[in-house]
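Please look over the model below.

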Amino acid sequence: MYQEEHNIFRHAFRKFIQQEISPHMEQWEQEGIVPREIWEKMGQSGFLCPWLPEEYGGSGADFLYSVIITEELSRGRAINVFAPLHSDIIAPYIYRLGTEEQKRRWLPPSASGECILAVAMTEPNTGSDLAAIRSHARRDGDSFVINGQKTFISNGINADLVIVACKTDRDAPGARGISLICVERGAPGFQRGRKLKKMGLLAQDTAELIFEDCRVPAENLLGELNKGFYYLMHHLQQERLVCAVMAQAMAEAMLETTIQYCRERTAFGQPISSFQHNAFKIVDMATEVKLGRAFLDRLVQDHMNEKDVVTEVSMAKAWIAEMANRVAYTCVQLHGGYGYMEEYAICGFARDVRPISIFAGTTEVMKLIVAKRMGLV
């Protein structure tokens, strides 16, 4: 799939990570947040929203550039900088649903890193069940007034613009009556709750968001009223594909670092990779990683060709995320005691890969989607 210009871009971004992100990651994990300056540096270097047309601050690049950014952040233990969420999951909502005024207002600063994006779907009692959203908004003159609470919101502290999924027709059953409303930093009644402490992704500012009579202009409605659930479902193919890219790249990185460790580490006078049990474990992992890569690359091509691959992407999100977690477990085990030490990359990988089988829809929800599309349930 990749041409020479893609390889040049990959090399440049990998160098950026090595110089601007990796040396600071330990400090950022301790602080629980990535500084805004790194977003601005990424924007200045063209590493945010590269797919956007030039008129909105991008370079009109194809989706492979986004795949490269996601892969390199994942491989470099830099996924705490949640640029894929910002660039490839949230910004497309604005580009595809926004009015011309909304696009010109929010997209250029998103590409430059001045405006950090978040999307607020999950609520304390909903989890993956978006149809159970309780946050609601009512029209009041030229404004919407929003009330509700969101949780597990990535980029929640840093975000300058949050796309909030809320009920605008509270009498509508199930998923009907949901709309997407953009809430900007500083909006009256918009509060940041706790910055949540997590098992992994320690530098990612995951937070609670609280809306108490939060008033925003009516023109901040994104798309049509009461069609929010349809929009969310339509965009989930790319969101879950991005998650699969993360998991695949992390699995490849974990395997690579573990093979190197097993060749260098000795026990009983020989490299631990030479023990048959360990060698077979590595071979099993390598086989699964190869299978994941073949499946994923095909899906990326199909997605770029605008094919409906919701079923296959749901399969990939479920299987590759679980595969990456199996790889993490085995790689930590092969590292022995050192696998539990923070100074070894595998320790951080094992923490950071765990939530990929949870966010953007759990493995169980992915399997349910596939089963429904196969006519099984």
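## Nonpolar cores

In this predicted model, the largest nonpolar core holds 95 residues. Ile21, Leu73, Ile163, Leu180 and Met254 have the most contacts inside it. Helix α7 (residues 228-264) gives the most to this core, with 16 residues.

Isoleucine 21 touches Phe16, Trp28, Ile38, Leu73, Ala78 and Val81, leaving aside residues up to four places away in sequence. There is also a second, separate core of 20 residues. Ile146, Cys166, Ala187 and Val216 are among its members.

## Strand β4

How many residues of strand β4 (residues 161-167) are buried? Seven of the seven are, so the strand is largely enclosed by the rest of the structure. In a regular strand, side chains alternate between the two faces of the sheet. In β4, Leu161, Ile163, Ala165 and Lys167 point one way. Val162, Val164 and Cys166 point the other way.

β4 has strand partners in β1 and β5. Strand β1 (residues 117-120) pairs with β4 in the parallel sense, over four bridges. Here alanine 120 has valine 164 as its bridge partner. Strand β5 (residues 178-184) runs antiparallel to β4 and is joined to it by seven bridges. Cysteine 166 stands opposite serine 179 of β5.

## Helix α6

Helix α6 (residues 100-112) has 13 residues. At 1.5 Å a residue they should span 18 Å, and the end C-alpha atoms are 18 Å apart, so the two values agree. The helix still bends by about 25° at tryptophan 106. A proline, proline 108, follows within four residues. Just after the helix, glycine 113 takes a positive phi of about 90°.

The buried residues of α6 are Gln102, Lys103, Trp106, Leu107, Ser110 and Ala111. An α-helix has 3.6 residues a turn, so residues three or four places apart point the same way. The buried residues of α6 pack against α3 (36-44), α5 (83-97), β1, β4, β5 and β8 (221-222).

## Cysteines

How many disulfides does the model contain? The count is zero, with a cut-off of 2.5 Å between cysteine sulfur atoms.

Cysteine 115 counts as buried, at 8% relative accessibility. For cysteine 243, the closest cysteine sulfur is in cysteine 49. The separation is 17 Å, again too far for a bond. Cysteine 243 is buried too, at 3% relative accessibility.

Note on methods
Residues are numbered from 1 along each chain as its sequence is written. This is a predicted model: local features need pLDDT of at least 70, side-chain atom pairs count only at pLDDT 80 or more; totals for chains, interfaces and linings use all residues. Side-chain values use heavy atoms; hydrogens and water are left out. Buried means under 20% relative accessible area, exposed over 50%, partly exposed in between (1.4 Å probe, protein chains only). Helices (H or I, at least four residues) and strands (E, at least two) are DSSP runs, numbered from the N terminus. Two strands pair if DSSP finds at least two bridges between them. A nonpolar core is a set of buried Ala, Val, Leu, Ile, Met, Phe, Trp, Tyr and Cys residues joined through side-chain atoms within 4.5 Å. Contact means heavy atoms within 4.5 Å. The expected span of a helix is 1.5 Å times one less than its number of residues. The bend at a residue is the angle between axes fitted to the seven residues ending there and the seven starting there.
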